[in-house]
Amino acid sequence: MEKEPNHFTRLFPFNHFYIIKRLSFDCCIKQLNLLFLILFLFGSWVSMAQPTLSLSSDGQALLSLKRQSLSSSSSLFSSWDPQDKTPCSWYGITCSADNRVISVSIPDTFLNLSSMPDLSSLSSLQFLNLSSTNLSGLIPPSFGKLTHLRLLDLSSNALSGPMPSELGRLSSLQFLILNANKLSGSIPSQISNLFSLQVLCLQDNLLNGSIPSSLGSLVSLQEFRLGGNPNLGGPIPAQIGLLKNLTTLGFAASGLSGSIPSTFGNLVNLQTLALYDTDVSGTIPPQLGLCSELRNLYLHMNKLTGSIPKELGKLQKITSLLLWGNSLSGAIPPEISNCSSLVVFDVSANDLSGEIPGDLGKLVWLEQLQLSDNMFTGHIPWEISNCSSLIALQLDKNKLSGSIPSQIGNLKSLQSFFLWENSVSGTIPSSFGNCTDLVALDLSRNKLTGRIPEELFSLKRLSKLLLLGNSLSGGLPKSVAKCQSLVRLRLGENQLSGQVPKEIGELQNLVFLDLYMNHFSGGLPYEISNITVLELLDVHNNYITGDIPGQLGNLVNLEQLDLSRNSFTGNIPLSFGNFSYLNKLILNNNLLTGQIPKSIKNLQKLTLLDLSFNSLSGEIPQELGQVTTLTINLDLSYNALCGDIPQTFSGLTQLQSLDLSHNMLHGDIKVLGSLTSLASLNISFNNLSGPIPATPLFKTISASSYLQNTNLCHTMDGVTCSSHNGQRKSPKMVALVAVILASITIALLAAWLLVLRNNHRYKTQKQTTTTTSTADDFSYPWTFIPFQKLGISVNNIVSSLTDENVIGKGCSGVVYRAAMPDGEIIAVKKLWRTKDNDDEPTTKIDSEIQILGSIRHRNIVKLLGYCSNKSVKLLLYNYFPNGNLQQLLQGNRSLDWETRYKIAIGTAQGLAYLHHDCLPAILHRDVKCNNILLNSKYEAILADFGLAKVMNSPNYHTAMSQVAGSYGYIAPEYGYTMNITEKSDVYSYGVVLLEILLGRSAVEPQIGDGLHIVEWVKHKMGSFEPALSVLDVKLQGLPDQMVQEMLQTLGVAMFCVNSSPVERPTMKEVVALLTEVKFSPEEWGKTSQPLIKPSSSL
C-alpha cells in the first residue's frame, strides 16, 4: 500500500485530497448532493403517484443483494420489503419519474458478499456506490451493460481479478473509483474510451503492466490516482501531459521508471503531483514551473539526479515541495524564495552543495525547512530568522561552519532545531531561551564550546536536549530541574565538570540521561533514583567516586546502566536485582569489591554483563547461569573470583562471548563445552584443570585463550587426559602430533599442486575464452526479451561489448558497461562459453533468469531482460556507478561506520530473503565482496546468481556435489561433505562481514603471514591484544557507542564463520542480531520527524 512518509520513509498530509467517498467528491460535491436530493424527492413523489400491482423487475434485481448477503439480517435491509410494488422507498435507493432505479448508494455497510450480484438489469442505473461493504470476488463484466452509469464506486473492498475491459463501454461514466481492493492484471486500454470520465481512482491495488498511453485521450479527467500499485511499472506516458483539466495526479509507491515527462508542463490546472517512492530517474523537468496552480509537489524517494530547476521558483501557489531522498546535486536556486506560499520545503538526503541561500528568509509562511544529509557549506544565514512561521529547522549532517546566529531566538514558533554532525563552532546562543515552543534541540557532533546556557532550562516544552560530542565546559546548572518537560538529556563526550547536581532527580519525565565521557567528579547523587521512568543511565568515563547508591534499584524501568570507567567503590548493590527490564549492565574498570550478588538472577532480560577490571571476590554465583537471556557478552575478567565455574552456565546456550580470564578459578571446564553459540572465549590465567572439551569451539580457538592453567590438558575424547599434563607430552602424544603435522604438510602440498594446476587451467581457459570471445558470432538471429520497457535494440547492446567497456569478470561471465541512445547506462553480462560444453551458457542463463525473474527485493539485483542467439547469451541489469564492495574497500577512501553497517545489513537482508522468504529457498553459493554492488546511496545489491540453486530443483543434489564459490569465501564443509545448505552462504557472508570490519580482503599476504582472514581474527582474538585492534584503522578513535556496535558486529561475524554449519546462525537470525547491536537513532539524537500530522496519501 501507499505509505505515509517520515524522514527516510516520511509521510505528509493529504487531508485535502482525501479520496472521494460516500459521494463526497472534491469536485462537483455540491452539484451531486443537490442532484441526489432532487432525484430522491421527485422519485418518491412519482412512486406514490403511480401504484403498481407487484414488485418491479428493478426491485427483484436488488433483492439479489439481500439474498446473497451473509448479513441479510442487517438493519440496512429492514426497509427492503418484497411486498412493495417498487423499491423506490427502500434505504439507499433512488428512482426516476417512471419508477426505474437510478441510484444504489449504500456505502459503509456490511453486505459481506462473496461475489458481486448481476445488476445489469438495472438498465437506468446512473449511480452505484458500494464502497466499504466487504465485497469480494470479481467485478462482473456485465457491468458494461449499465450504459447510463455515471458513478461506479466499489472502493475499499476485497475485490480481486482483473478490471473488466467491458467497463470501457460505459460512455456516460464520470467517476470510476476502484481503489483499495486487490485488483490485478493490467489497466484495460478500453478505459480510454470513457471520454466523460472526471475521476479515475485505482490506487492501492495489485495492478501490473504499464500505464496505457491511450489514457491521454481522457481530456475531461480531473483526478487520476494509480499509487500504491507496486507492480505497476514502465515509463510514464508523455500523453498524460494532454490531460489539461487534471487537478490531482498520484502515481506514488509504484514501480514506475524512466523520467518525468516534460509534457507535465502542460498541466496548467494541476494542484497536486504525487510521484514519490518509485524508480523514476533523470532530472526534474523545468517545465513543471509552468504548472501555475500547483500546490503540492511530492517527488521524494526516487532516483532523480541533476539540479533543482530554478523554474520551480515560478510556482507562486505551491505550499509543499518535497524532493528528499534522491541524488540531486548543485545548489539550492535562490529563485525558490519566490515561492511565497511555501509551507514545507524538504530537500534532505540528497547530494546538494554550496551555501544555504539567505533569500530563503523571504518565505514568511514557511513552517518546515529540512536540508539535512547533504553537503551544504558555509555559515547558517541569519536571514532564516525572518521565517517567522518556522516550526522545524533541520540542518543536520552537512558541512556547515561558523557560529549559530543569535537571531534564531526570534523564531517564536520553532519546535525543533537539528544541527548535529556539522562543524559549527562558538557558543550556544542564550537567545534559544526565547523559543518558547521549542521541543527538540540537537546540536550534537559539532565544535561548540563554552557553558550550557541556563536559559535553555527555562523552556517549558523542551523534551529533547542533545549536545553530544562537543567541547562544552563548566558544570551542569542546578537550574536543569526547572525543565520538567525533559525526556532526553544527552550531554556525553564534552568537557563538563563538577558534581552531577542532585537537582537532576527532580526531572520526573526523564527517560534518557547521558553524561558519559566528561569530567564529572564526586559522588553519584542518590536522588537520581527518583526518576522512576528512567530507561538509560550512562555516566561512563568520568571521575565519579564513592559507593554506587543502592537507591538506584528503584529505577525499575531501567534498560541500560553504564557506570564503567569511574572510581566507584564498595559492593554491587543487592537492589540491582530489581532491574527486571535491564538488558545491559556495564560496571567495568571501577574499584568494586565484594561478591557478585545472587539477586542478579532476576535480570531476565539481560543480554550483556561486564564486571571486568574490578576487585570482586568470592565464587561466581550459580544464579548467574539462570540468566539465559545473556547473548552478547559476559565479562568477569580481571577480578579475584574463585571456586568452580558454575554448572548452571550450561544454560547460557545463546552466549556469544565469555571472558573469565585473570581470576583464581579452579576445577574443570567441562560445562563450557555445552556453550555452542560461543564465538569468543578467554579463560586464561586461572587455576583450571582437567580435559579441554573436544568441541568445535575448542578445536578452533587459540591456545592463548586458556594460557596459564597448568593443569588443563588436551584430549582426544574430551574426557580422558593423557598421563602427563598439557605442559609435558608423552612420547605417544609426540608421535601423534608428528603424524598430524605430517598429514597437514601432505595436505598443504596437495593443495598447492592443485592451485598450480588450476592456475594452469585458468590460463588455458582464459586463452580459450579470449579466442572464443573473438569468435563470438553476432550474426545469428537474436531473441530479445525485455522485462520492462527499455527503448533499446540488440544492436545498441552488442555495439557496447568492447574491451574498454569491461567493468568486471566473474565465475559466470564478463560484465560490460553499455550506454544506450537515450543516455541511460545499463550493465550487460556476457556468459562464458567453452568449447567443451556449448550448453553451459544456456544452463547459467537459465539459472539467473529462473532465479531473478521470480524474485523482487531491494537488496537483490533486478534483471531488466536478456538477449541470446546460437552463439552468445547476454543478461541485462541496472548499472551501479559505485561499483562493488571490493572496489570500495580497496579504494583507500575514508569509509565511515554508518556506511559499512548499511552495506552489511542490506546484504544480510537480501540473503535472508533468499533463504527464508522464497519458497523453495534459494542458495546463492557465491557470496563475496565482488558480488555485492552499491547503488547511489551505497546500499548493498546482491548480484551474480550464475551459481545459485533453488533447493528443490531437479539438479539440486547434483549441483551441491560440486564445489562452487570463490577462494577465500568457501565454507570448510565443502571439503568433507556433500550436504551443502544455506549455512554455507552464512559462512561466506561472515567472511564478507569481516572484510567490512577490517577493510581487508579475505586472503592477503600482508595479513598475518598470508593467513585467511578468519584464522587471522581468531588468532588475534585469542591473544591479549584489544579486540579493537583487529578493526580497520580508519574506524578507530570513534565514540564508544560506535565501538560497541562494531565489536558486537565482529561477534556476529565470528558466529557466522563457525567451522560447524549447525552452530552458525540463520540469515534471519543474523539480521536480528545486527539490528540488535545498532544503537537506536534516538540514542544518538538523530531524530528527524515531521511536525505535520500525517494523513492519507495519493
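Author: Happy to! Let's begin with one word: a residue is called buried when its relative accessible area is under 20%. Cys-867 has a relative accessible area of 0%, so Cys-867 is buried. One thing to keep in mind is that this is a predicted model.

Reader: Got it. What about Cys-291, buried or exposed?

Author: Cys-291 is buried, because its relative accessibility is 0%.

Reader: How many disulfides are there?

Author: The count comes to one disulfide. It joins Cys-88 to Cys-95, with 2.1 Å from S to S. In general, a disulfide is a covalent bond between the sulfur atoms of two cysteines.

Reader: Are Cys-88 and Cys-95 buried, or exposed? And what is the handedness of the disulfide?

Author: Cys-88 and Cys-95 are both buried. The torsion about their S-S bond is about -100°, so the disulfide is left-handed.

Reader: New topic! Which residue does UniProt list for "binding site"?

Author: The UniProt record, an unreviewed entry, lists Lys-830 under "binding site". You'll find Lys-830 in strand β55, which covers residues 825–831.

Reader: Is Lys-830 buried or exposed?

Author: Buried: Lys-830 has 6% relative accessibility, and the limit for buried is under 20%.

Reader: Okay, sheets next. What is the strand order in the open sheet of eight strands?

Author: The order is β28-β30-β32-β34-β36-β38-β40-β42, and the pairing is parallel.

Reader: What holds paired strands together?

Author: Strands of a sheet pair through backbone hydrogen bonds, in either a parallel or an antiparallel way. Here is an example from this sheet: strand β30 (residues 447–450) pairs in the parallel sense with strand β32 (residues 471–474) over two bridges. Gly-450 has Leu-472 in β32 as its bridge partner.

Reader: Let's look at a loop. Where does Ser-599 lie?

Author: Ser-599 lies in the loop between β42 and β43 (608–610). At 17% relative accessibility, Ser-599 still counts as buried, because the cut-off is under 20%.

Reader: And what does the side chain of Ser-599 reach?

Author: The Ser-599 side chain reaches the backbone oxygen of Leu-574, at 2.9 Å. Leaving aside neighbours within four places in sequence, Ser-599 is in contact with Leu-574 and Gly-577.

Reader: What about Thr-607? Where does that one lie?

Author: Thr-607 also lies in the loop between β42 and β43. Thr-607 is buried, with a relative accessible area of 13%. Thr-607 and Asn-583 are 24 residues apart in sequence, while their C-alpha atoms are 5.1 Å apart in space. Not counting residues up to four places away in sequence, Thr-607 touches several residues, including Asn-583, Lys-584 and Thr-629.

Reader: Last topic, helices! How many residues does helix α12 have?

Author: Helix α12 (residues 1040–1056) has 17 residues and reaches 24 Å from its first C-alpha to its last, close to the 24 Å expected at 1.5 Å a residue. Of those 17 residues, 14 are buried, so α12 is largely enclosed by the rest of the structure.

Reader: And helix α10, how many of its residues are buried?

Author: 16 of its 16 residues are buried, so to speak mostly covered. The end C-alpha atoms of α10 (residues 983–998) are 23 Å apart, which agrees with the 22 Å that its 16 residues should span at 1.5 Å a residue. Just after α10, Gly-999 takes a positive phi of about 70°.

Note on methods. Residues are numbered from 1 along each chain as its sequence is written. This is a predicted model: local features need pLDDT of at least 70, side-chain atom pairs count only at pLDDT 80 or more; totals for chains, interfaces and linings use all residues. Side-chain values use heavy atoms; hydrogens and water are left out. A disulfide is a pair of cysteine sulfur atoms within 2.5 Å. Buried means under 20% relative accessible area, exposed over 50%, partly exposed in between (1.4 Å probe, protein chains only). UniProt positions are given in the numbering used here, feature names are shortened, and annotations may be inferred rather than shown by experiment. Helices (H or I, at least four residues) and strands (E, at least two) are DSSP runs, numbered from the N terminus. Two strands pair if DSSP finds at least two bridges between them. A polar contact is a pair of N or O atoms within 3.5 Å; within protein, one must be able to donate a hydrogen and the other to accept it, and residues adjacent in sequence count only if both atoms are side-chain atoms. Contact means heavy atoms within 4.5 Å. The expected span of a helix is 1.5 Å times one less than its number of residues.
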